[in-house]
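User: I would like to know how the labels given to this model follow from its values. Please take me through them.

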Amino acid sequence: MLTAAEVLAQNNFGNTRTGGLAGPMGLFLILVLATATVLLIRNMNARLRRLPNQFPPASDSTPSGADPAAATVSAVTGGTPVRDSSPNSGTGSQQP
């Protein structure tokens with residue numbers, strides 16, 4: 001019959017000294033992650049280089065006195081009105 005000390009002392013994880021795969025697998029994962037990071041950085045740099053130094057100003061299609069931000073929103077949404085959900089929109093009660 002096994003005593004409690006023998007049960008607790010059993011190695012149920014196999015032989016950990018021979019055939020270890022953790023070292024090579026860890027190195028492989030580190031190399032894969034490093035390669036993916038380098039490729040992502042190169043892709044982001046290429047995309048940033050393609051951007052213009054300055055973007056053209058908004059078109060002057062807004063009537064004088066109109067809100068240019070509202071014109072930009074209507075231009076982006078295809079002319080459909082969009083409800084302003086900002087805290088300064090003037091709808092409902094506002095707290096100081």
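User: Why is L29 called partly exposed?

Analyst: The relative accessibility of L29 is 47%. Buried means under 20% and exposed means over 50%, so L29, at 47%, counts as partly exposed. L29 lies in helix 2, which covers residues 22–50. Bear in mind that this is a predicted model.

User: What makes the nonpolar surface patch that includes L29?

Analyst: L21, M25, F28, L29 and V32 make the patch, with an area of about 490 Å². A patch residue needs over 30% relative accessible area, and L29 has 47%, so L29 passes that cut-off.

User: How many of the 96 residues count as buried?

Analyst: The share is 0%. The accessible surface of the protein is about 9,200 Å², and carbon and sulfur atoms hold 62% of that surface.

User: Which elements does the protein have, and in what order do they run?

Analyst: There are 3 helices and 0 strands, and the order from the N terminus is α-α-α.

User: Where is confidence highest, and where is it lowest?

Analyst: Helix 2 has the highest confidence, with a mean of 94, while helix 3 (residues 68–76) has the lowest, with a mean of 59. Over the protein the mean pLDDT is 74, and 52% of residues reach 70 or more. Where pLDDT is low, predicted coordinates should not be read in detail.

Methods: Residues numbered from 1 in each chain as written. Predicted model: local features only at pLDDT ≥ 70, side-chain atom pairs only at ≥ 80, totals over all residues. Heavy atoms only, no water. Patch = residues over 30% accessible without salt bridge, like charges linked within 9 Å, V, L, I, M, F, W, Y side chains within 5 Å. Areas by Shrake-Rupley, 256 points an atom, 1.4 Å probe, with all protein chains shown as cover. Salt bridge = Lys/Arg side-chain N within 4 Å of Asp/Glu carboxyl O. Helix = DSSP H or I, 4+ residues; strand = E, 2+ residues; numbered from the N terminus. Buried < 20%, exposed > 50% of the residue type's maximum accessible area, 1.4 Å probe, protein only. pLDDT = per-residue confidence, 0-100.
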